[in-house]
Amino acid sequence: MSTGVDTTKPTTFSAVFKHISPPTAVDNCLYCHLIHPKLKNLVITRGGFVEIYNVKSSASGETRFNWVYGTSVYENIADIVTVRFTGDLLDSLLLSFPEAKVAVMNFNSVTFELRTLSLHNYEFENLKSGRMNFTKLPILRLDPHQRCAVMLVYDRHLAVLPFRRTEVLVSTETDPKHISVRNSLLWQQRATAPLLATFTTCLSTSTGEKINNVLDMQFLYGFYEPTLLVLYEPIGTWAGRVSARRDTCCIVALSFNLQKRTNPVIWFQESLPFDCRSVISVPQPIGGVVVMAANSILYLKQTLPSCGLPLNCYAQISTNFPMRKSFIPLLLYWY
């Protein structure tokens, strides 16, 4: 399948870096309204390449991917999310790059190419804390209500990107109802910009918890303010030390006040299995979060007791987290 991207074409960055051949592995993919408001496109990233495809199904039931557009950027893409800004008919892309950079892009239907709306750089020495190596890439997470996005910066900080949510600023009227609405929106002074002023926050300093070794994070559904759940392991362990140290993972939920730039802790839970790896937010009306571990699946909610489902016999001997007594047998078929 031809990608349409010429990797041998010289650019202003060719003196420093040049692709000999394009990457073959897909790192990230999205399905969004990027080119047409009624048709969705498949967006994939491969290293430093961004490609857009149309997905078409034939009468025989076959699905085909038609290449539409492709371009290259000057660095490998770490993560990508899609957002619909207020007043736009099409989606925009947020791309993160090592070590701590974010680019906001959308598709220009006139020139038929991706264009950059804004660039954000958080590569500051005070955020590195004297370190040179970092365990996590700058992962991006988007609020389900499109209010903001966050990026993990240097393992211990968060970069918060608030989005404008009003078409125009409310006019100054004497009606108390209009005055209260206007006062709540006065902090969005740049009414024409899709992004408001960004800021950074330290996870440990702003919460009072020892948040190290962030494993994953996701925004939760059903909260008045953007609420981010962070899965982390403050003190590490491994399978050979579960007899001495187990259940080392924790979760903490941060409620972001974008106007005051604060993020108080509204939910904290510790003593989760040491092999937790990722979290999945559960939409309303159920709510809560599902934590995926190597040997079990956990369901956590602030107003309900926690429960776990073991996937094998190792879950019952490697954690003290409450689990079902029986586990689901997994059958592997080899072809």
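**Strands and a loop contact**

Me: In what sense do β18 and strand β19 (residues 296-301) pair, and over how many bridges?
Reply: Antiparallel, over four bridges. Two strands count as paired if DSSP finds at least two bridges between them. Strands are DSSP runs of E with at least two residues, helices are runs of H or I with at least four, and both are numbered from the N terminus.

Me: Measured or modelled, what are the ground rules?
Reply: This is a predicted model: local features need pLDDT of at least 70, side-chain atom pairs count only at pLDDT 80 or more, and totals for chains, interfaces and linings use all residues. Residues are numbered from 1 along each chain as its sequence is written, and side-chain values use heavy atoms, with hydrogens and water left out.

Me: Back to β19. Which residue of that strand does methionine 292 stand opposite?
Reply: Isoleucine 297. A hairpin of two residues joins β18 to β19.

Me: What does β18 have with strand β17 (residues 276-281)?
Reply: Five bridges, running antiparallel. Valine 279 faces valine 291 of β18 there.

Me: How many residues of strand β18 (residues 289-293) are buried?
Reply: Four of its five, so the strand is mostly covered. Buried means under 20% relative accessible area, exposed is over 50%, and partly exposed lies in between (1.4 Å probe, protein chains only).

Me: New topic. In what order do the four strands of the open sheet run?
Reply: β1-β2-β3-β4, with antiparallel pairing. The edges are β1 (28-36) and β4 (63-72), each pairing on one side only. Neighbouring strands are turned by 35° on average, direction ignored. Axes here are lines fitted to C-alpha atoms, for helices over the stretch in contact, and angles run from 0 to 180 degrees between N-to-C directions.

Me: Why is strand β2 (residues 39-46) largely enclosed?
Reply: Because six of its eight residues are buried. Six bridges tie β1 to β2, and β2 pairs with β3 over six bridges.

Me: Which residue in the hairpin of β2 and β3 takes a positive phi?
Reply: Glycine 47, near 65°.

Me: And where is asparagine 312?
Reply: In the loop between β20 (304-310) and α4 (315-318). The asparagine 312 side chain makes a 3.2 Å polar contact with that of asparagine 295. It also reaches the backbone nitrogen of alanine 315 at 3.4 Å. A polar contact is a pair of N or O atoms within 3.5 Å; within protein, one must be able to donate a hydrogen and the other to accept it, and residues adjacent in sequence count only if both atoms are side-chain atoms.
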